[in-house]
Amino acid sequence: PPATPRRLVAPPMSGSSRSGTAAPVSTLTDAAERGIARARFSSLGRRYLGPRLPRRQSLDDAARSPELMYALFVSAKTFARVLDAYGTIPPGTLAIVAANVAVFSLPDGVAFGDVCLNPYAVIHLNQLERLVTSAFVHVDAFHLLSNMQGVLQDGSFLESLDGTPRFLARVATLLGLSQCALVGLSWAERRLYHTGGARRADAWLDDAVDRVSKYAYGGNSPGYHVPLVGTSSSSSGRKLLPFYNSGVVGFSGVNFALKVAAAHRRPANSVVLVGGIAPVPARYSAWFELALGTLIVPSAGTFAAHFAGTIAGLIAVYAPRVSGFGVLGSTLGGGRNRAYRGRGHRLGGRYLRDDGPGVGGAGGRD
């Protein structure tokens with residue numbers, strides 16, 4: 001009898017194909033990236049492989065750096081405004097700045113691989129301490145000054161409203177939120193877009209040393225990202241934050257989260273100085289700084305750190321309002337409980353304390 005023709009039926013599409021989501025990475029390249037990352041962040045590799053931070057520079061080199069001179073000018077200006085407003089630096093804000101300066105001043109510095117925030121090391125190697133240690137390490141003086149200037153401006157304002165205990169609780173919460181958001185962004189990028197590492201698995205160490213040694217003072221600030229694998233702008237498929245081969249240090253995540261929190265506590269008609277020179281509405285200042293930093297320093301890692309901090313700030317602002325949780329709301333939502341009372345009198349021409357209705361006193365430039 002004649003053969004019965006068979007109908008060719010296409011196999012059913014997987015759920016990931018239907019949704020447009022890539023399947024989990026399982027290629028040989030990914031396995032190599034995973035093995036390198038495991039060795040890189042092992043007990044020996046994290047301490048002895050890679051550069052040490054901060055990057056030291058001579059006084060002559062520092063004097064010839066216009067970026068550093070600008071950062072010093074803005075920091076001094078912010079310091080003077082804080083003293084004028086509060087009479088002194090609030091103790092919680094001072095403690096945070098002092099902790100960052102103390103780590104920066106360690107004689108031998110710290111090993112970059114021992115402290116940097118790497119998503120793979122946090123999730124798969126359970127090195128959770130990186131969520132904290134990475135925030136207090138800075139690459140150079142410009143990086144440190146840029147972040148501490150923001151902490152002085154927004155931290156002093158928030159501490160004057162909430163008091164030192166609540167402010168420190170807020171900072172600890174924002175630290176955890178911003179760092180977890182950064183790790184989550186990298187994890188989601190890998191799962192959704194089938195990207196695990198960078199293009200060359202064998203270049204991770206050379207690239208880390210090269211980038212730390214060649215970055216100028218303005219190379220990546222205020223959040224600093226040092227990729228462990230080459231991800232230059234010329235390479236295609238540039239990633240937000242490579243899951244295996246990235247490392248982030250700096251306080252910029254908390255810095256941007258504080259900017260968002262402070263912006264939502266200021267009066268609606270107030271303005272702040274972005275970059276120390278450009279007045280913008282306080283409510284949108286964090287977004288202005290995010291856009292400005294991205295334009296000036298088009299680094300994927302820097303944007304990821306700043307964006308994660310912004311997300312953390314928005315969560316801290318709106319989650320208590322939506323949930324209504326008492327403890328969370330009292331810690332993050334703030335209020336008029338001002339346990340810390342500075343000796344300052346005015347800011348931007350109007351009195352800050354007990355000068356009329358509204359949270360945070362009056363408006364004016366900050």
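The model is predicted, so local features need pLDDT of at least 70 and side-chain atom pairs count only at pLDDT 80 or more, while totals for chains, interfaces and linings use all residues. Residues are numbered from 1 along each chain as its sequence is written, and side-chain values use heavy atoms, leaving out hydrogens and water. Helices here are DSSP runs (H or I, at least four residues), numbered from the N terminus.

**α10 with α5**

- Helix α5 (residues 66–86) and helix α10 (residues 141–162) pack at about 15°, with axes 9 Å apart; axes are lines fitted to C-alpha atoms over the stretch in contact, and angles run from 0 to 180 degrees between N-to-C directions.
- That makes α5 roughly parallel to α10 (angles under 35 degrees count as roughly parallel, over 145 as roughly antiparallel, 65 to 115 as roughly perpendicular and the rest as oblique).
- Their crossing is left-handed, a term for a near helix turned anticlockwise from the far one by less than a right angle, with right-handed meaning clockwise.
- Residues in contact (heavy atoms within 4.5 Å) include Leu68, Leu72 and Phe79 of α5, and Phe142, Leu145 and Phe157 of α10.
- By class, this contact has twelve nonpolar, six polar and two charged residues; Ala, Val, Leu, Ile, Met, Phe, Trp, Tyr, Cys and Pro count as nonpolar, Asp, Glu, Lys and Arg as charged, and the others, Gly among them, as polar.

**α10 with α6**

- The axes of helix α6 (residues 91–104) and α10 come within 8 Å and cross at roughly 165°, which means that α6 is roughly antiparallel to α10.
- The crossing of α6 and α10 is right-handed.
- Among the residues in this contact are Ile96, Val97 and Phe104 of α6, and Leu144, Met148 and Val151 of α10.
- Sorted by class, the α6 contact with α10 has ten nonpolar, five polar and one charged residues.

**α10 with α13**

- Helix α13 (residues 252–263) packs with α10 at an angle of about 35°, and their axes are 9 Å apart.
- α10 passes α13 in a left-handed crossing.
- Val151, Asp154 and Phe157 are among the α10 residues here, meeting α13 residues that include Leu258 and Lys259.
- This contact of α10 with α13 has six nonpolar, five polar and two charged residues.

**Cysteines**

- Searching the whole structure turns up zero disulfides (pairs of cysteine sulfur atoms within 2.5 Å).
- Cys116 is buried, at 0% relative accessibility, whereas Cys180 is partly exposed at 45%; buried means under 20% relative accessible area, exposed over 50%, and partly exposed in between (1.4 Å probe, protein chains only).

Note on methods:
Helices (H or I, at least four residues) and strands (E, at least two) are DSSP runs, numbered from the N terminus.
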